[in-house]
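Here is a quick tour of a protein model, written for someone who likes to see the cut-offs spelled out. Have the viewer open and follow along.

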Amino acid sequence: MASSITPSFQTSNLRTVFLGERNGICLPVVPMTHVGFLSKTIECKESRIGKQPITVPSNVTITLNGQDLKVKGPLGELSRTYPREVRLERDENGVIRVKKALESRRANQMHGLFRTLTDNMVVGVSKGFEKRLQLVGVGYRATVEGKDLVLSLGFSHPVRMAIPNDLKVKVEENTRIIISGYDKCNIGQFAASIRKWRPPEPYKGKGVRYANEVIRLKEGKAGKKK
């Protein structure tokens with residue numbers, strides 16, 4: 001049987017500009033019930049990429065000092081400082097694991113990112129990376145002159161770019177550019193700066209593109225039908 005609550009009335013003196021200085025107003029008094037709030041702790045799941053171990057080859061030397069990591073191999077040396085959200089651990093077999101130091105959303109985002117960056121450092125100094133670019137267009141060509149990469153991309157003058165000291169650039173058949181090195185970030189940055197001079201246009205695909213890049217071409221404007 002449903003229970004009913006009968007409100008009682010209480011006279012209250014209110015000072016408002018609408019009701020005058022003091023007027024007696026009957027306000028209903030309803031008994032209040034207790035309202036509770038449920039608190040739930042949100043746990044961040046461990047990153048699928050971040051929990052994977054990193055195997056260090058025998059020709060790579062690892063130096064770990066707090067949040068600073070140095071990796072030295074036959075191709076070069078790289079170093080990185082890690083944020084406080086993640087920490088590095090190395091076991092007796094030389095396997096590196098990147099773990100979260102805090103339970104937060106930012107730590108969950110940093111976990112997978114810095115595991116990938118650490119793996120790129122180890123692979124870079126031991127095996128290296130490379131990026132390939134393709135020049136598409138009539139008269140588009142590239143050559144290496146000393147420490148500079150010279151591009152002919154349809155401008156009134158050739159584009160001359162200084163090659164960073166830690167990168168190697170090779171040109172094949174005047175249209176294929178191969179960038180190699182041990183720092184994957186620098187390789188990608190230099191390749192992007194080359195592509196920026198003449199990005200592929202959407203109608204014929206002319207320009208500088210990555211070797212595995214797929215260009216979606218647009219249909220040209222058709223003439224009016226007679």
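## Ground rules

The model is predicted, so local features need pLDDT of at least 70 and side-chain atom pairs count only at pLDDT 80 or more, while totals for chains, interfaces and linings use all residues. Residues are numbered from 1 along each chain as its sequence is written, and side-chain values use heavy atoms, with hydrogens and water left out.

## The chain overall

The protein chain holds two helices and 14 strands. These are DSSP runs numbered from the N terminus: H or I of at least four residues for helices, E of at least two for strands. Of the 226 residues in the protein chain, 29% are buried.

Contact here means heavy atoms within 4.5 Å. Take the contacts between residues at least 6 apart in sequence: 46% of them join residues at least 24 apart.

Pairing requires at least two bridges found by DSSP between two strands.

Strand 3 and strand 4 run antiparallel and are joined by five bridges, with Leu64 partnered by Leu69 in strand 4. Their hairpin has two residues between the strands, and Gly66 takes a positive phi near 65 degrees there. Strand 4 (residues 68-72) also pairs with strand 5, antiparallel, over five bridges; Asp68 has Thr81 as its bridge partner in strand 5.

## A buried arginine

Which charged residue is buried yet has no salt bridge? That's Arg115, with Asp119 as the nearest side chain of opposite charge, 4.3 Å away. In this count Lys and Arg are positive, Asp and Glu are negative, and His and the chain ends are left out. A salt bridge needs a side-chain nitrogen of Lys or Arg within 4 Å of a carboxyl oxygen of Asp or Glu.

Arg115 sits in helix 1, and its side chain reaches the backbone oxygen of Pro53 at 3.1 Å. Beyond neighbours within four places in sequence, Arg115 is in contact with residues including Ile49, Gln52 and Val98.

Strand 9 pairs with strand 10 over five bridges in the antiparallel sense, and Glu145 has Asp148 as its bridge partner in strand 10.

Leu151 lies in strand 10 and is buried, with a relative accessible area of 1%. Not counting residues up to four places away in sequence, Leu151 touches several residues, among them Ala142, Met161 and Ile194.

## Salt bridges

How many salt bridges does the rule give? The count comes to 11. One of them joins Arg160 and Asp148 at 3.5 Å, N to O. This pair links strand 11 (residues 159-162) with strand 10 (residues 148-152), the two residues being 12 apart. Arg160 is partly exposed at 49%, and Asp148 is partly exposed at 22%.

Glu89 and Arg87 form a salt bridge too, with their closest N and O atoms 3.1 Å apart. Glu172 meets Lys170 at 3.9 Å, N to O, and Glu172 is partly exposed with a relative accessible area of 23%. Lys170 and Glu172 also belong to a salt-bridge network with Glu173 and Arg176.

Key
Buried < 20%, exposed > 50% of the residue type's maximum accessible area, 1.4 Å probe, protein only. Polar contact = N/O pair within 3.5 Å; in protein donor to acceptor, adjacent residues only side chain to side chain.
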